[in-house]
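Subject: Structure handover

Hello,

Please find the structure below, with the sequence. Notes on what was found in it follow.

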Amino acid sequence: MKESLKKGLWFFVSVISLLIAWEAACRLLAVPAFILPPPSTVLLSLWDLREQLLGQHLWATLREVGLGLFISILFGVSLALVMTLSKTVERLVYPYIVISQTIPIIALSPVFILWFGYDLTGKIAVTILFTFFPIVVSTYDGLKACDREMMNLLRTMGANKWQLFSKLQLPASLPHFFSGLKVAATYSVSGATIGEWLGASEGLGYFGRRASGNFQAPALFASVLLLSILGMLLFWLAGRLELWASPQTRNRKDKKR
Amino acid sequence: MREKLAFSGVGFSYGEKPILDGFDLQLSKGELVSLIGPSGIGKSTLFQLAAGLLQPDTGTIRLDGKSTAERLGRVGYMPQRDLLMPWRTVAENAGLPLEIQGFSKSEIRERIAEELPRFGLAEWKDAYPDELSGGMRQRVSFLRALMTGADLLLLDEPFSALDGITRMEMQEWLLSMWQQTGSTMLLITHDIDEAILLADRVVVLLGSPIRQPVELQVSVPRPRTLASRNDPEFHALRGEIWELLRGHGAANGEVSEA
C-alpha cells in the first residue's frame, strides 16, 4: 500500500511540474495562445464550455466508443472461439486476420462511413474496425497457446473435449484476451474520433476539428484533454477487469505491497 | 502378488525412429519400481504409453490384468514440471481430477481439506502456485495425481528440479506416502541413488530401440531412510547400474559423466 501511495505521489508531482513548466514557458516566451495555450487557459475554456463538452460531445463519443467496443468484444471473441473449434473456419478466415494487421486502418475508415452512413452507425462501424482485430488476434492466439503437457495431463485424468476447453484453454487464454482488450480500449477512442472527423454533428472529435478550423486552440486542447482522459480511463477499466478475472495476480500484488 | 501393469512385447516408434521393440515389463500391485536410463532413450514415451496418451504399434499393455486401450483416467500421472495451473489455488489444483470426474464442488472441497494436512499444505489451501516453494508445488502435484483415485501412479522425474536438500526430504516423504497409500508406483529418474533408495526393483533401460531392460532387485531393508545409502548392498547396486549405463554409452560412443 505504501509503495503505491508513493508512486501516486510521484506521478502527481510530475504532472504538476509539467503543467507549471508549460504555463511558465507560454507566459515567459509569449507564445501566441492560438498556437499553444497555457494550461490555465485550457482549463478555463473547459470550464466555460462544460455544458457543451461534457453534456453533449463527451456523451456522444462515449456512446460510440462503448457500443463499438462492446460489439467488437462480442464478435471478436466469438470468431476466435469458432476458429479454435473449427479447423475449416480457421483456414478460411485466419489469413485475412493476418493481412488485416498490415492494412492502414485509417485509410479504410472512409469506406466504412460510406457503407454505414454519417450517423451513429457509421462511427460505431469505424470504432469496430479499429478494435475488432486486436481482440480477435489476441484471443485466438491465447486459445491456441495453451501448454501441450498440461493438455496431456488433463487427458490422463480422463478429461473430455469440453473439459479441456473450459478448464484449460479458456482460463489460459484470459491474459492474452486482456492484453488485446487494453490495446482495443485505447484504439476505440481513436476510432470514434476519426469516425467523427469524417463527418458528424457532435462528439469530441467533431468538436476538436471545428475548434481547430476556427483557430480556437484552448477549446481544441480542452477536447483533446477529454479524449485522452477517456482513453486512459478505458485502459484502466480493462486493467481492473483483468485483476478481477485473474485472482492469482490480485493476491500476489496484495502480498508484495 | 496381483499384476497391476504389464507391457508385453510392446513395440512403438515415433515416425521412423523405433523407441521400443518387444518390450516387457511387469508391475505387481503395491510395488515401487524405478526406471533409469540415459536421457532421450524414450522413458517419457513409455509413460505416455502407460497412461494411455499413446497406443503401442505392436504388443499389448495390460491394466489390472486386462488388455485395454482405454487407460486415460485410470492412471495417476505426476509430471516432471509440476504443471499446476497458475489461476487455481492449491485446493483447486489438487481437486482438478475430482472436478473432471464430476464430483460436486462441496464434496471436492471436503475431500481436499481432509488430505491437505498430511501433505503439509493445510495452511496453503487458498494460496496460488507462485506463492509456493518448489517442494510444496511437487507435493500439490503429487496430491493431484493421488486424487485421480488411480492406485497406479507414474512419477516422471518428480524431484529433478528441486535443490539437493529439498530433494532428499521429498524422497523420504514419498517413501512414507507410498507406505501409507499402498499405491503402485513407477518412477522415472536420472539419479542412480534415488532409483535405488526408493524402489523394490530398478529397471535399467538400454539400447535404441529398447528391447530387454535389465532388472535389478533392491534388497536393502525397509523402512529406508537416507542412512540406507551407506548399506553395502546399496553401494554394490550403484556400481552395477553405473557399469551398465556406462557400458552402454561406450558401446554407442556417447559416454558422458553424470
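I start with a pair in chain B. The side chains of B:Glu215 and B:Arg201 meet in a salt bridge, 2.6 Å from N to O; the term stands for a side-chain nitrogen of Lys or Arg within 4 Å of a carboxyl oxygen of Asp or Glu. This pair links distant parts of the chain, with B:Glu215 in strand β10 (residues 214–217) of chain B and B:Arg201 in strand β9 (residues 201–204) of chain B, 14 residues apart. B:Glu215 is partly exposed at a relative accessible area of 36%, whereas B:Arg201 is buried at 8%. Buried means under 20% relative accessible area, exposed over 50%, and partly exposed in between, with a 1.4 Å probe and protein chains only. Helices (H or I, at least four residues) and strands (E, at least two) are DSSP runs, numbered from the N terminus.

Before the rest, the conventions. This is a predicted model, in which local features need pLDDT of at least 70 and side-chain atom pairs count only at pLDDT 80 or more, while totals for chains, interfaces and linings use all residues. Residues are numbered from 1 along each chain as its sequence is written, chains are lettered from A and ligands numbered from 1 in the order in which they are written, and side-chain values use heavy atoms, with hydrogens and water left out.

Other salt bridges

Over all chains, a search of the whole structure finds 26 salt bridges. One of them joins B:Arg81 to A:Asp147, with the closest N and O atoms 2.9 Å apart. That pair crosses between chains, from B:Arg81 in the loop between β6 (76–78) and α2 (90–94) of chain B to A:Asp147 in the loop between α6 (120–144) and α7 (148–156) of chain A. B:Arg81 is partly exposed at 41% relative accessibility, and A:Asp147 is partly exposed at 27%.

Within chain B, B:Arg137 forms a salt bridge with B:Asp82, the closest N and O atoms being 2.8 Å apart. This pair links distant parts of the chain: B:Arg137 is in helix α5 (residues 134–147) of chain B and B:Asp82 is in the loop between β6 and α2 of chain B, 55 residues apart. B:Asp82 counts as buried, at 11% relative accessibility. A network of salt bridges links B:Lys4, B:Lys29, B:Asp64, B:Arg74 and B:Asp151.

A buried residue in chain B

B:Met177 sits in helix α6 (residues 164–181) of chain B and is buried, with a relative accessible area of 1%. What does B:Met177 contact, leaving aside its neighbours within four places in sequence? The residues are B:Arg118, B:Phe119, B:Phe142 and B:Leu146, where contact means heavy atoms within 4.5 Å. B:Phe119 is 58 residues from B:Met177 in sequence and 9.1 Å from it in space, C-alpha to C-alpha.

Chain A

Chain A has eleven helices and zero strands. Its C-alpha atoms fill a box of roughly 75 × 55 × 30 Å, taken along the principal axes. Of its 257 residues, 39% count as buried. Among contacts in chain A between residues at least 6 apart in sequence, 72% join residues at least 24 apart. Chain A exposes about 14,800 Å², of which carbon and sulfur atoms supply 70%; accessible areas come from the Shrake-Rupley method with a 1.4 Å probe, and for residues only the protein chains shown count as cover.

In helix α2 (residues 39–48) of chain A, the buried residues are A:Pro39, A:Val42, A:Ser45 and A:Leu46. Seen down the axis of α2(A), they fall within an arc of 125°, so they line one face of the helix; the arc is that of the directions from the helix axis to the C-beta atoms. The face turned away from this buried side carries the exposed residues A:Leu44, A:Trp47 and A:Asp48. Cover for the buried residues of α2(A) includes α1 (2–28), α3 (50–85) and α10 (217–245) of chain A.

The UniProt annotation "transmembrane region", from an unreviewed entry, covers residues 9–35, 65–85, 92–118, 124–143 and 219–238 of chain A. Over residues 65–85 of chain A the chain is 100% helix, with the end C-alpha atoms 30 Å apart. Over residues 219–238 of chain A the chain is also 100% helix, and the end C-alpha atoms are 29 Å apart.

Regards

Technical notes
UniProt positions are given in the numbering used here, feature names are shortened, and annotations may be inferred rather than shown by experiment.
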